[in-house]
Structure formats: structure tokens, C-alpha cells
Amino acid sequence: CKLGLCYILNEALGALLAVVLFRLIRPADFGGVRPGEMVTELLSEGFGTFMIILTIGLNELGHGPACAFSIAASYVSMVYALSDVSGAHFNPAVSLALLLS
């Protein structure tokens, strides 16, 4: 696989994955289930947690000089994007505490 073709295929695969996740996390935008359904909340919490943990892991591997800034930017982006779907806790302990209270 030549470098240009691999790059294009990876970009297309990433775009397809983004479209699928967007439709799963926000089905009300497409006439699906209403907001507040457990499936959409769990998907958004799982995706947000994955992105934050991925950012932390990549910062550890890369030994970057501004780890705190990139982790904070990732967290704020996920909160802004997903807070209206699930509350954007991104911590199972917080979600469990709110459920029990």
C-alpha cells in the first residue's frame, strides 16, 4: 500500500467511525430515541472516558512538555460536546454516586 493511499483510507475510516458514533450518541438529531435514554448516556460516557484516557496515555508515551494542557483541553472538549447528552461525568464513581443519591 502506497503512503498516499493508506493515508486516504485511514482518513475515510476515521470519518466513518465519527459518523457512526455521532449517530449513536445523538439519535434524537436524526428522529431516533429521545434524549435521556440510557443507551445514549452510556455511549457518551464511555466515549468521553476513552478519549480522556487515550490523551493521558499518549502523553505518557510521548513525554510531552505540556501534558496538563492537552489533558485539560481534551476534558473540556468532551464536557462541552457531551454534557447535554449525559451530564459529562466521565468518572464511573461520580455517576454511581449520583445514581445512589
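Trainee: Is phenylalanine 90 buried or exposed?

Mentor: Phenylalanine 90 is buried, because its relative accessible area is 8%. Buried stands for under 20% relative accessible area, exposed for over 50%, and partly exposed for what falls in between (1.4 Å probe, protein chains only). Keep in mind that this is a predicted model, where local features need pLDDT of at least 70, side-chain atom pairs count only at pLDDT 80 or more, and totals for chains, interfaces and linings use all residues. Residues are numbered from 1 along each chain as its sequence is written, and side-chain values use heavy atoms, with hydrogens and water left out.

Trainee: Thanks! What share of the 101 residues in the chain is buried?

Mentor: Buried residues account for 17% of the 101.

Trainee: How many helices and strands does the chain have?

Mentor: Helices (H or I, at least four residues) and strands (E, at least two) are DSSP runs, numbered from the N terminus. Here there are four helices and zero strands. The radius of gyration of the chain is 16 Å, well over the 13 Å from the globule rule for 101 residues, so the chain is more spread out than a compact globule. That radius is taken over C-alpha atoms, and the rule is 2.2 Å times the number of residues to the power 0.38. Along its principal axes, the C-alpha trace spans about 55 × 40 × 15 Å.

Trainee: How many aromatic pairs are there?

Mentor: Rings of Phe, Tyr and Trp (its six-membered ring) pair if their centres lie within 6.5 Å; planes under 30 degrees apart are stacked, over 60 edge-to-face, and the rest tilted. By this rule there are two aromatic pairs. Phenylalanine 22 and phenylalanine 30 have ring centres 5.9 Å apart and planes at 85°, so they are edge-to-face. Tyrosine 75 and phenylalanine 90 are also edge-to-face, because their centres are 6.0 Å apart and their planes stand at 80°. This pair links distant parts of the chain, 15 residues apart: tyrosine 75 is in helix α3 (residues 67-86), while phenylalanine 90 is in the loop between α3 and α4 (92-100). Tyrosine 75, at a relative accessible area of 36%, is partly exposed.

Trainee: Which residue lies over the face of phenylalanine 30?

Mentor: A charge sits over a ring if NZ of Lys or CZ of Arg is within 6 Å of the ring centre and within 35 degrees of the ring normal. In this model, arginine 23 takes that place, at 4.2 Å from the ring centre of phenylalanine 30. Phenylalanine 30 itself is partly exposed, at 40% relative accessibility.
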